[in-house]
Amino acid sequence: MMASCMAYLMGVSLFNIQEVIREFSGVEHRIEYVDTIDNVRFYNDSKATNTHAACAGLSAFEKNVILLCGGKDKHISFDDLKQYDGVVKKCISFGQTKDKFKDIFTSQMSVETMKDAFEKAVLLAKPGDIVLLCPACSSFDQFKNYEIRGEIFKQMVHAYAAKRNEE
């Protein structure tokens, strides 16, 4: 909204502002829509590298989120995430912090890697669910950075979509 207002004040036509808004697809790795497979939506929020950012990601959804979270332990509290327990259908945590989510979400399981978490998520997902990579942690325990973690997540989604299309 602020960018639209500033553009308008700087003389950009309403038509051009509307066109840009209509074509804007979002920012990569920030609640980025990846695909819908069997009526399950997949989102990449790999940029959510702390609790505050993860809260922002989770607040975008009302329910049925299968949350993939975890990563390098930065020794931060995850308590703020408890408010989203009703939104999170299942938390599948991985990496160094995998066990730190046990007291945060009612329905939680720990696995070693993001790949393991993704595989569990697709087995659990039902039509209407959302699989959300929203780590609440940095990536440095298993990945070079959050961008690579997000790219690998998107590759897993696309490979899963291809496999489902073959069936």
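Here are some exercises on this protein, each with a worked solution.

Before you start, note that this is a predicted model, in which local features need pLDDT of at least 70, side-chain atom pairs count only at pLDDT 80 or more, and totals for chains, interfaces and linings use all residues. Residues are numbered from 1 along each chain as its sequence is written, and side-chain values use heavy atoms, with hydrogens and water left out.

**Exercise 1. The overall layout**

Find how many helices and strands the protein has, and in what pattern they follow along the sequence.

*Solution.* 
- Step 1: Start with the terms: helices (H or I, at least four residues) and strands (E, at least two) are DSSP runs, numbered from the N terminus.
- Step 2: The count comes to five helices and six strands.
- Step 3: Reading along the sequence gives α-α-β-β-α-β-β-β-α-β-α.
- Step 4: Now look at the extent: the C-alpha trace spans about 55 × 45 × 30 Å along its principal axes.
- Step 5: The radius of gyration is taken over C-alpha atoms, and the globule rule is 2.2 Å times the number of residues to the power 0.38. For 167 residues, a compact globule would have a radius near 15 Å, and the protein's 17 Å agrees with that.

**Exercise 2. A strand inside the protein**

Decide why strand β3 (residues 65-70) is described as largely enclosed.

*Solution.* 
- Step 1: For background, 44% of the 167 residues count as buried.
- Step 2: In β3, six of the six residues are buried, so the rest of the structure largely encloses this strand.
- Step 3: Check each face: one side carries Val 65, Leu 67 and Cys 69, the other Ile 66, Leu 68 and Gly 70, and all are buried.

**Exercise 3. Following the strand partners**

Work out which strands pair with β3, and then trace the pairings onward.

*Solution.* 
- Step 1: Two strands pair if DSSP finds at least two bridges between them.
- Step 2: β3 runs parallel to strand β4 (residues 88-94), with six bridges joining them. Ile 66 has Lys 90 as its bridge partner in β4, and Leu 68 has Ile 92.
- Step 3: β3 also runs parallel to strand β6 (residues 130-133), through four bridges. Here Leu 68 stands opposite Leu 133.
- Step 4: Go on from β4, where six of the seven residues are buried. Three bridges join β4 to strand β5 (residues 108-110), again in parallel, and Ser 93 is partnered by Ser 110 in β5.
- Step 5: Go on from β6, which pairs with β2 in the parallel sense over four bridges. Arg 41 has Ile 130 as its partner in β6.
- Step 6: Finish with strand β1 (residues 32-37), which is joined to β2 by five bridges and runs antiparallel to it. Asp 35 stands opposite Phe 42 in β2. The hairpin of β1 and β2 has two residues between the strands, and Asp 38 takes a positive phi near 50 degrees there.

**Exercise 4. Aromatic rings**

Describe how the rings of Phe 118 and Tyr 160 are arranged.

*Solution.* 
- Step 1: Rings of Phe, Tyr and Trp (its six-membered ring) pair if their centres lie within 6.5 Å; planes under 30 degrees apart count as stacked, over 60 as edge-to-face, and the rest as tilted.
- Step 2: The whole structure holds seven aromatic pairs.
- Step 3: One of these is Phe 118 with Tyr 160, an edge-to-face pair with 6.2 Å centre to centre and 85 degrees between the planes.
- Step 4: This pair links distant parts of the chain, with Phe 118 in helix α4 (residues 114-124) and Tyr 160 in helix α5 (residues 146-166), 42 residues apart.
- Step 5: Both Phe 118 and Tyr 160 are buried, and they form one aromatic cluster together with Phe 42 and Phe 153.

**Exercise 5. An exposed valine**

Is Val 20 buried or exposed?

*Solution.* 
- Step 1: Locate Val 20, which lies in helix α2, a helix that covers residues 14-23.
- Step 2: Its relative accessibility is 57%, so Val 20 counts as exposed.

Definitions and conventions. Buried < 20%, exposed > 50% of the residue type's maximum accessible area, 1.4 Å probe, protein only.
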